[in-house]
Structure formats: structure tokens, C-alpha cells
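Please walk me through this model, one site at a time.

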Amino acid sequence: MQKIALVLLLSCFTLSGFAQVRDSITLKTATGDIYGTLTLPKNKRKVESVVLIVPGSGPTDRYGNNGIFVSYVLQILSDSLAKHGIASVRYDKRGLAASHAAVSGESALRFWTYGDDVADWIRMLHKDKRFKKVFVVGHSEGSLVAMLALQKVDAAGFISVAGAGEPADVTIMRQIHAYPNNPKVLVDSMQLIIDALKKEGHYSPVPKGIYQRLFRPSVQGYVASWFMYNPTQEIQKLHLPILIIQGKKDLQIDTAQAENLKAAKPDAELVYIPEMNHIFRDVATNDVHDNMLTYTEDKTPIDGLFVETVVGFIRRNEKGKRR
């Protein structure tokens, strides 16, 4: 169980038969290009909306893979939306995969950098005459990233999927405390480093092992900037239709997080998906091993109710003026 807890913490982090066409798409930025994939239904003339999919934490690429887990869930989500006549864009974050050259190194990254990139993607899609409306889906950490972007640029709607409802440092410590087999020295050391990053913005020297993976000097600036934001405060600043989706089989984000977001934004919709885990897949049992197995499946469909919920929200909010 302890090993599973650490793997989840570190991760934070072609489907046949679907009628879709995938094209390359590139966002030009001052520091380099960010590369993505535009997925269109084959019948392009009937497309009304495009969805920008904002990936979760860590080295998660446009496919939903992160080097530890290979599940292709973001690609499968795009293909599922195309089946319903909805276009989508997913991308490699700056510094990662095809977009690796868009940043000089991880020490140059700050959390708001990702938010600025999402805002630029939205602006770019607004200018694309093929689409009448732009929606944003933020998964996991991508939920908070999208919140920052949507304070700068408007969209037709925002869908938060498995988004945290508390600051990142609280989440990390809660996950560590949740596993009684974690040694006290690990718990105390994590709290010490986190407190220093919040107060001073840096910590040295960083012990070996998991501490280096999470808090190595080159990533401390990014982590400290991440700790600055509370999702319940950021979601209150948004003025657009919002849907909060939470799977009840999620090992990383529990229903209390979704409830926190809903309480902060009472006019948002909140939908629970009974059998869905963190990566949109159905898990029939409560067994942790069964849940984790879905993280390495590359062709298993994602939860059908989840897709229907996303599509329904988009259809309800497509009417009205172009935003």
C-alpha cells in the first residue's frame, strides 16, 4: 500500500471505429512552440464546438500518458467526443515531449506559466472560424490550471474533472498521512520541506530518494508557485457555466474535494460518476489493485456516463452568442 501511495503521488502529478480525423496543431509562444492534436469528427461541417483538454500534473502528455502509466485516456476522450460531433484539442505541455524546447529548463517554470499557455490556446481557438464555441476540460491539476486561464479569457463553459478542492500542499500531506505505514521521519520531513517552500520559496539540502523526485532544487520554484493557489478561491473568480465531475472510485481525489469546489461555487453543476476512477475508467470493485490495473490499459473504453455528462453540458451551453 505504501508503494502505491508513493507512485500515485509521483504521478501527480488508436481507438478503432470512431469517426474522427486527427490533425496537428501548434501554439506559437515567445519562448517556443507548443504542439498538440486537433481531433475533428469526419463530418466537419456539423461541428459547433471545440474542447480544449488541459492535462493533469507531472509529465502528462497529450495522450494522457506520463512515463509511469500508459493509458491513452486523453486520446480516447478526444475520440469519444468526436463520435458525438465535438472537436477537441489536447497538447504536450511546454517542456514535455514534442513541446520540450518551449522552456529553457524546469527551473524556469512556474505554475501560472501553464495557465498563460491555456489562455493562449483559448484565444487561438476563438479565432478559428470553424468553431462557434470553445469549452475547457481541466483534468486533475489541469482543473486549477484552467481556472487561472479562465480568469483572463472567456469560454462557453468549464468542466472540472477530478479537480482538487484544496491547496496542493494540503493534498500532498493528506495523502501521506492517509497511509499509516509511512514512517514518521517521512511525514515530518515532507512537512518541513513544504513549510519552507511556502515561506521562503526554497529548501536546502534536499534529502535523497522521493524528496529529490518531488522537491529537487530545479523544481522548487514551480512547486512553491503551485502552493500559492487555493482552488476554492480561484473557482469563485470565474463567471461562466461550470460543471464539476467526480468519480467515486478515484484513489487520488475524493468526493470531499468536489464538494469543496461546489460549496465555493454554488451555481456550478456537480455530477458524481459511481464507477469511475481518476483516469475516467470503470472499476467494478473496491480493490486498489483492480483500480491501478486500469492505469496501464491503452485500449479500454472510458466511462460512458462520463462522456454523456460532458457532451450533455456542452450541448446545453452551445446556444447563444459566440464567446
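Thr232 is buried, because its relative accessible area is 17%, under the 20% cut-off. This is a predicted model. Thr232 sits in helix α9. Its side chain makes a polar contact with the side chain of Asn230, at 2.7 Å. Beyond residues up to four places away in sequence, Thr232 touches Gly165, Asn260, Leu261 and Ala264.

Two of those names return in helix α10, which spans residues 255-264. There, Leu261 and Ala264 are buried, along with Gln257 and Ala258. An α-helix has 3.6 residues a turn, so residues three or four places apart point the same way.

Next, the cover over that side.

Now take the loop between β7 and α10, where Lys249 lies. Is Lys249 buried or exposed? Its relative accessibility is 13%, so Lys249 counts as buried. The side chain of Lys249 reaches the backbone oxygen of Thr285 at 3.4 Å. Leaving aside neighbours within four places in sequence, Lys249 is in contact with Pro274, Glu275, Met276 and Asn277, among others. Its contacts also include Val283, Ala284, Thr285, Asn286 and Asn291.

Another lysine gives a contrast. Lys83 lies in helix α2, residues 73-83. Lys83 has a relative accessible area of 58%, so it is exposed. The C-alpha atoms of Lys83 and Leu186 are separated by 47 Å. Along the chain, these two residues are 103 residues apart.

Helix α5 covers residues 168-177, and helix α6 covers residues 184-200. Their axes come within 10 Å and cross at roughly 175°. That angle is over 145 degrees, so α5 is roughly antiparallel to α6. Which residues make the contact? From α5 come Asp169, Ile172, Met173, Ile176 and His177. From α6 come Val187, Met190, Gln191, Ile194 and Lys198. The residues of this contact divide into six nonpolar, two polar and two charged.

Terms used. Residues are numbered from 1 along each chain as its sequence is written. This is a predicted model: local features need pLDDT of at least 70, side-chain atom pairs count only at pLDDT 80 or more; totals for chains, interfaces and linings use all residues. Side-chain values use heavy atoms; hydrogens and water are left out. Axes are lines fitted to C-alpha atoms, for helices over the stretch in contact, and angles run from 0 to 180 degrees between N-to-C directions. Helices (H or I, at least four residues) and strands (E, at least two) are DSSP runs, numbered from the N terminus. Angles under 35 degrees count as roughly parallel, over 145 as roughly antiparallel, 65 to 115 as roughly perpendicular and the rest as oblique. Contact means heavy atoms within 4.5 Å. Ala, Val, Leu, Ile, Met, Phe, Trp, Tyr, Cys and Pro count as nonpolar, Asp, Glu, Lys and Arg as charged, and the others, Gly among them, as polar. Buried means under 20% relative accessible area, exposed over 50%, partly exposed in between (1.4 Å probe, protein chains only). A polar contact is a pair of N or O atoms within 3.5 Å; within protein, one must be able to donate a hydrogen and the other to accept it, and residues adjacent in sequence count only if both atoms are side-chain atoms.
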